[in-house]
Amino acid sequence: MTDAPTRPAPVVTGDRLAGKTAIVTGAARGLGRSCAVTFAAQGADVVLVDLAGDLPGVPYPLGSASQLAHTADLCAGYGVAAYPVEADVRDLAAVRAAVALAVARFGRVDVLVNNAGIAAPSGKPTHEITEAEWQLMLDVDLSGPWRMISAVGEVMCRQRAGSIVNVASTAGLVGYRHFAGYVAAKHGLLGLTRAAALDYAPLRVRVNALCPGSVRDDPHVEGRMLAEIARSLEVPVAEHEETFVQAQPMNALIEPGAVAQAALWLASDESVQVTGSVITVDGGFTTR
């Protein structure tokens with residue numbers, strides 16, 4: 001896969017986030033890019049955080065610096081400020097620096113989308129997972145969001161306002177064979193969401209989670225998570241996609257834009273009394 005940019009899918013413009021500043025992690029591509037562009041189209045200034053490079057132990061390429069820059073360009077096209085920041089969510093100092101940059105530039109942080117995550121190393125039974133693989137998965141997918149909340153929470157508490165959106169997964173609600181580390185991390189993220197929501201509720205800082213189902217690898221946002229999960233399971237991508245389509249009551253993969261729209265609602269003042277909630281965007285998958 002190349003880093004060549006593609007034209008984005010149409011995004012509805014408006015002012016639902018006008019005057020707000022949002023930090024989006026994992027913003028180089030996929031759901032992170034979709035959320036960032038959707039927020040920018042609704043008037044938010046955005047700080048776009050991504051590792052912007054590969055990670056030892058993860059058996060597939062992650063988002064690149066050029067992809068992160070492209071996300072920033074797409075956001076800036078809506079007339080907002082967009083700042084790409086290369087930072088590793090496993091590094092608390094780097095996380096704090098990214099948040100400090102947002103505060104220095106904009107004076108506040110209104111929204112945090114914890115989207116950065118990995119789906120592999122996976123594809124093996126629990127007893128075959130090495131300790132290094134286990135720790136890597138939890139460090140990125142669970143401790144990463146905690147580090148971001150740790151840095152942003154203090155800012156939002158001072159403001160007495162803010163919305164944190166944790167991107168979990170249906171793997172936070174059900175189990176998947178040969179994905180014990182990923183499932184454990186996403187279940188943990190839902191626990192973190194509920195606990196943090198109670199911590200911050202008196203200060204009007206809201207914390208919610210989204211649980212997407214199997215998201216289509218939309219070339220407009222350069223998504224590739226579904227393909228990498230298929231590769232971890234050593235099955236053809238088309239076969240893997242068809243399996244998930246058949247398991248969906250709505251008989252379709254989830255569109256990244258649908259997840260971004262749910263994140264937009266949680267980020268906006270329209271959901272001002274929603275906190276501690278877990279919202280599925282899964283086509284009815286977890287109702288079975």
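Is Y83 buried, exposed or partly exposed? At 27% relative accessibility, Y83 counts as partly exposed, where buried means under 20% relative accessible area, exposed means over 50% and partly exposed falls in between (1.4 Å probe, protein chains only). The structure is a predicted model, in which local features need pLDDT of at least 70 and side-chain atom pairs count only at pLDDT 80 or more, while totals for chains, interfaces and linings use all residues. Residues are numbered from 1 along each chain as its sequence is written, and side-chain values use heavy atoms, with hydrogens and water left out.

The protein chain holds nine helices and seven strands; helices (H or I, at least four residues) and strands (E, at least two) are DSSP runs, numbered from the N terminus. Its C-alpha atoms fill a box of roughly 45 × 40 × 35 Å along the principal axes. For 288 residues, a compact globule would have a radius of gyration near 19 Å, and the 17 Å of the protein chain agrees with this; the radius is taken over C-alpha atoms, and the globule rule is 2.2 Å times the number of residues to the power 0.38. Of the 288 residues, 53% count as buried. Contact here means heavy atoms within 4.5 Å, and among contacts with a separation of 6 or more, 75% are accounted for by residues 24 or more positions apart.

The protein chain exposes about 12,100 Å², of which carbon and sulfur atoms supply 54%; accessible areas come from the Shrake-Rupley method with a 1.4 Å probe, and for residues only the protein chains shown count as cover. There are 22 positive and 29 negative side chains, and the centres of the two sets lie 6 Å apart. Lys and Arg count as positive and Asp and Glu as negative, leaving out His and the chain ends, with each charge placed at NZ of Lys, CZ of Arg, CG of Asp or CD of Glu.

Next comes the interior. In soluble globular proteins, nonpolar side chains tend to be buried together. A nonpolar core is a set of buried Ala, Val, Leu, Ile, Met, Phe, Trp, Tyr and Cys residues joined through side-chain atoms within 4.5 Å. The largest such core has 48 residues, and I23, L112 and I118 have the most contacts inside it. Two or more residues come from each of β2 (45-50), α3 (92-106), α4 (131-141), α5 (143-159), α6 (180-200) and β6 (205-212), with α6 giving the most, nine residues. A second, separate core of 37 residues includes V24, L74, V113 and A267.

Beyond its neighbours within four places in sequence, L112 is in contact with I23, T25, M148, I149, V152, M156, S163, I164 and V165. One of these partners, S163, sits in strand β5 (residues 162-167) and is buried, with a relative accessible area of 1%.

Y83, the opening example, lies in strand β3 (residues 82-86). Setting aside residues within four places in sequence, Y83 is in contact with V46, V47, L48, L101, R105 and F106. Y83 and N166 are 83 residues apart in sequence and 21 Å apart in space, C-alpha to C-alpha. In helix α3, A94 touches A87 and D88, not counting residues up to four places away. A94 and R147 are 53 residues apart in sequence, with their C-alpha atoms 9.8 Å apart.

Helix α7 (residues 225-232) is mostly covered, as six of its eight residues are buried. These are L226, A227, E228, I229, A230 and S232, and what covers them includes α8 (237-247). Just after α7, E234 takes a positive phi of about 60 degrees.

Some backbone features complete the description. A cis peptide bond, with omega of about 20 degrees, joins A120 and P121, and P121 is placed in the loop between β4 (111-114) and α4. R204, which is not a glycine, has a positive phi of about 65 degrees; it lies in the loop between α6 and β6 and counts as exposed at 65% relative accessibility. E222, also not a glycine, has a positive phi of about 55 degrees. The loop between β6 and α7 holds E222, which counts as buried at 2% relative accessibility.
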